[in-house]
Structure formats: structure tokens, C-alpha cells
Amino acid sequence: MSFYSSFDVAVVGGGHAGIEASLAAARMGLKTLLITQTVDSIGRMSCNPSIGGIAKGNIVREIDALGGEMGKLIDRTMIQFRLLNRSRGPAVQAPRSQADKLEYAALARRTLETQEGLSTLMDTAVDILTAGSSAPLPPESSRDGQEEMRQKVIGIVTERGRVIPVRAVVLTTGTFLGGRIFIGEYDAPCGRLGEAGAYGLTESLNRLGFTTGRLKTGTPPRILRHTVDFTRLDLQEGDAHIIPFSFDDGQVNRPQVPCHTVYTNTETHRIIRENIGRSPLFSGKIHGVGPRYCPSIEDKVMRFADRERHQIFVEPEGLGTDEIYLNGLSSSLPESVQDSFLRTMTGFERCTVSRPGYAVEYDYVEPTQLYPSLETKRVAGLFNAGQINGTSGYEEAAGQGLVAGINAGYYARAHIALCGPLPLSDDTVLSDHESLEQKTAACQGDRFRDIPAYEPLVLGRDEAYIGVLIDDLVTLGTKEPYRMFTARAEYRLKLRHDTADRRLREKGFKAGLISAAQMATLTRKYGQVDEALHYLEAHPDSTKPDGFSEAEWEQAQEDYKYRYYIEKQDERVAKLHRMEGARIPDGFDYGRIVSLSAESRLKLEKIRPVTLGQASRISGIRSSDIMLLMVYLKK
């Protein structure tokens, strides 16, 4: 890559969202750039060394069905597999695997570096360059009551002064955007312990009119395995039968290692209480909101004062490291306090801490400022994915990254068709920011300010957990780190992890991420499943006949067992589709509906729903509001 090359798609951030976004765009045939502060951190598991879990495992299989990479990465680096909720119904079952975190990151990096059409740049993005388009923003989105023109991405500026012309940008900044870590009284400008945060980009987004906020998350201390007496801990083995995350992997042949469990006790809690004033969570140093579902150990002790103990999962971090992870023991207390309370737990009396636990506070962009495609409403061609949207978790980030990468690819293709070549050749040097806009205008002429139209990938709530995740974010927003749960999905019977390929593979094929051979395999597989289902309907008490694989027979059995509930759910889905099919025109004037309450009008104007279905899911919008809107749309 020469110094000032131009690109179709630029992805900022090399975490789990950035991996999926950059690979998707490159595999769609677009010239793609991944900008990361350090290539050594690509794919790093900064917290839990695992992939999957309740609802999260479903997301990983959906990513794979669409043509993403996460499922393949975990299949090749797992060191323990478990199917959670095996004794319960299929709608809440989910695969989860411990990963060899070092192998996972190394494989992710190698996959990116060997992907045709994808370049990596070790630098920090500090500014988004835009130009005013011919399309005005809705009045309610403008500042100071003045009409504004919607902006359009034209370039990226990096910390070292590179100006890179681009057609589309995907921001996947993780916890690095304005990141600051806290350990007791100590704090530092970092996105992770030992890694600098990213500064400048938040200010750029604010100048463009985006509303940003602060969130908080944390991580536990790491312990050296050989300093723990595992004979006194409870053993937790993995499953003997491993279900691959990727639909393309027939089996997984990896060494499996056990996990363990241990408990805190009254002495642990006494030390924490006596030092609670030294926690930045309680001293007022941290202002960002943390996740309710994953509190720190000091939060647990103070909020659940009647509990005498809390369970901690002791998980290996890899075959090539002695470090272990203490799931459930996140803390930002001073290191000396962490050392003390750790040694109160059974088997940890002589433990050695290799890395302290810490909290990290970071910037995020309010996600109601996005379309369901994850493109920002204020700036065409700018997409956000992952923790910048207020989510938490590798899987949630990767699912968003894949959708954003696909849609950035669709946008870039439309931009190529509408606007022609970018203004700069690989050997052109810019003198300043203004020259990029001037050169772009000179090259593209009358097309320069036009925003290309494209048909984005938007996943429905009945199609994927990823669809539920994105719809929740862009419709409801979030004030705390968002995590996916099965309870968030009203159509979860249709979103089983084993049916993700049937639901989504065709969409991946349309995007160019799934091959014809993969589609042929899918057709054969579900021909067999449907045949097995018909056999079960005629012979409900039969055992597996010859001609069907175990997986095909099990899937047919689940379909047969829950067919009545699925039929009822399908009726509700049909109603949802009718609502989702009723599109609301861009710039619709809600002031025309005089019977709308002022509160409902403000909410609709803030979110700008694209369909009647999305409008119905806005918090506080009543059924009567939807009926009024439906009448006006028919007119």
C-alpha cells in the first residue's frame, strides 16, 4: 500500500467487529483497509477467553451462516466445548467453547493478512472527513433549529497525518474510544491495560453532530495456574460430543481441558467491604454506566449483602499459557486489596497474580442515530458496529461487524456505480484536508454531492438474534452495555442455533460470502430434514431409520416436537411482516398527525423509524399512535 492510497471501505479497529467487517467487505470484491493501533492486538480476547453461550452461541452460528469468520476461528482454537441448557428445550440451548486465546488471535490475524483485497495499517484514526450532500437532514435532526445538509464520508485522517480517501467507513473502536482504565486510585488513558486509548475521533463525531456518552466495563485479575491447588476446587468437564460452530466443519479435533469452580466467602467479603471506598466505582471517579448483568465483585458484595458467597468459574486461557481467568470476579479495587481477597478463596492461598483486574470507561455513540443497516443517519457511508453502539460481548460485536461490513460493501458498490473512480491515484499526495474535497469534486463533478441508493441487508427479529440485537439498539437505544439474552427474542423458537443456516445462508450467498457449493450442501441437508419430518408425522413413535444422519434426525425431531408452537409463532411473524412492509417515507412530517401526543411525536421524530413495525417497538409508543400513523400512511 502506498502512502496515500484510496480505498472502497475502511474499517477502524481490529477487534471482533472489525475482523468481520473487513473480511466481509474484502470478500465482496472491494478494496478494503483495516486501520488498527497495533496489529499485535487483532482478535485479542481482552476479557473472557470463550466464545458462545446463551443466545451468544446462536449469534456465532448466524455469523457463520451469513459467511462470517467467528465460528471457524473458534472451531480451530477451542479447548473445551459445552452445549448449555442441554436438558431444556432447543430454543434456549446454545453452544459455548473455551478458546485458546493466543491461538485465536493469531489465527484471526493470519486470516486478515492473507485475505485478498484487504490491507492493514498500523495507525490511529483521528478524524472523519465529510462533504455536504444534496440531501437535507430532517429538521428535528438539525442543530440550533437550522436546516443542515446530510454529510457524506470522503476520507479518514490518521494520527500520523495520513489522509486516506474512502467510499465507506465502519467504526469498530471497542473500549479504546476515549478509553481510560481504573485500578484503585490509579487511572490512565488506556483502552486495555498496557494499550493506549484512541483520542480525537470522539471530537470528530461530536463536530459532525453525533450524541456520545460514556459506558464502563471491567475484567478480573489473571492468576498463574501452577500457584493454585486445583485438587480443592470443583471440576467442570466439557461435553464429549462436540458440535462445531461452523456449518462447514464436519467435526472438531482439538485437545480438551477442564474448567473448575470455587466460591468467595465471608472473609473475602470483609476485605472488600473494608476497602470499598478505594474502589473507583464507589469513590465517584468512574461516571460511565456498567452492565447490570455482569457486576464487579465489589458490586455483588455491596448489593447482595445477605449472600455469604458467590460462585467463580476458573477457566484456562490457553494451552500455551499458564494464566487462568476468574469468571465472575471482575474488580477495580487496588492491586494490594485484590491480592488479599484472592488468597481467602479455597485453593488460592498462595496464588500469584499476573495481571490485576481493572475497570475501563470509554465513549460510545447513541445507537438511535443509526438506521437498521447500521449506517449513521447524519453521515452517509459511515457505519458503526460493536461497543461504539453500546453493546458488550465478542459475539454481539462480531454480528454487528458482519452486517455493517456487508452494508458498507453494498454502499461502496453503489457509490462506484454512481460516482465513478475516487479522485486520487496511489501516488497522489495531499497538502491539506480541503484539497481532498476539492479533488473529489473535480473528479466526480455533479455526482460529488449525491448519496448512492442501495438495498441494505436488514435482518428481521424473526430471522436472527442479530436482527433482534440491531433492532433493539436502533429503536430503543441503550443507557448501559447491551447484552443479548434469549428473553429479548419474542420469536426464539424460530431462532434455534441449529437452524441458522436455513434462515440466513441465502442472504450470505446474495452478498457473495457463501459459495454455490455451500448452497448446494444446504439444499441437500434440508431436503433430508424435511423428509425425516414427513416420516415422523406418519410414524410419530419411530426411532431413527436408515438414510438420515444423527443431526438431520435430531433437527427433524425438534421441528416435529414444537410444530404447534412454531405454527402459532408463524402467525405472529406474518403480522410482523405486514407491519415491516409498511415503509415510512424519509422525512415524514409527524406534525401532520394532529391527534398524536407531543411525547409520541418527539419520540418518532428522534428515532425516525423506517417501517411501521419499527415504530411500534419504540418505547412509549401506543397502539393508538400506530393506528393513526397507519391511516396517514394509507392516505
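In this predicted model, the charged end of Lys31 sits over the ring of Phe7, at 5.0 Å from the ring centre, where a charge is taken to sit over a ring if NZ of Lys or CZ of Arg is within 6 Å of the ring centre and within 35 degrees of the ring normal. The charged end of Arg563 is likewise placed over a ring, that of Tyr560, 3.9 Å from its centre. Local features need pLDDT of at least 70 and side-chain atom pairs count only at pLDDT 80 or more, whereas totals for chains, interfaces and linings use all residues. Residues are numbered from 1 along each chain as its sequence is written, and side-chain values use heavy atoms, with hydrogens and water left out.

Eight aromatic pairs are found in the structure, a pair being two rings of Phe, Tyr or Trp (its six-membered ring) whose centres lie within 6.5 Å, with planes under 30 degrees apart counted as stacked, over 60 as edge-to-face and the rest as tilted. One of these pairs, Tyr411 with Tyr454, is edge-to-face, at 5.8 Å centre to centre and 90° between the planes. This pair links distant parts of the chain, with Tyr411 in helix 10 (residues 394-419) and Tyr454, 43 residues apart from it, in the loop between helix 11 (433-444) and helix 12 (465-476); helices (H or I, at least four residues) and strands (E, at least two) are DSSP runs numbered from the N terminus. Both Tyr411 and Tyr454 are buried, and together with Phe383 they form one aromatic cluster. Buried here means under 20% relative accessible area, exposed over 50%, and partly exposed in between (1.4 Å probe, protein chains only).

Strand 19 (residues 323-327) is mostly covered, five of its five residues being buried. Glu323, Tyr325 and Asn327 lie on one side of strand 19, with Ile324 and Leu326 on the other. Strand 19 runs antiparallel to strand 15 (residues 222-224), to which three bridges join it, and pairs in the antiparallel sense with strand 18 (residues 311-316) over four bridges; two strands pair if DSSP finds at least two bridges between them. Within strand 19, Tyr325 is the bridge partner of Arg222, and Ile324 that of Pro316.

The structure holds zero disulfides, a disulfide being a pair of cysteine sulfur atoms within 2.5 Å. The sulfur of Cys47 is too far for a bond, because the closest cysteine sulfur, in Cys294, is 6.7 Å away.
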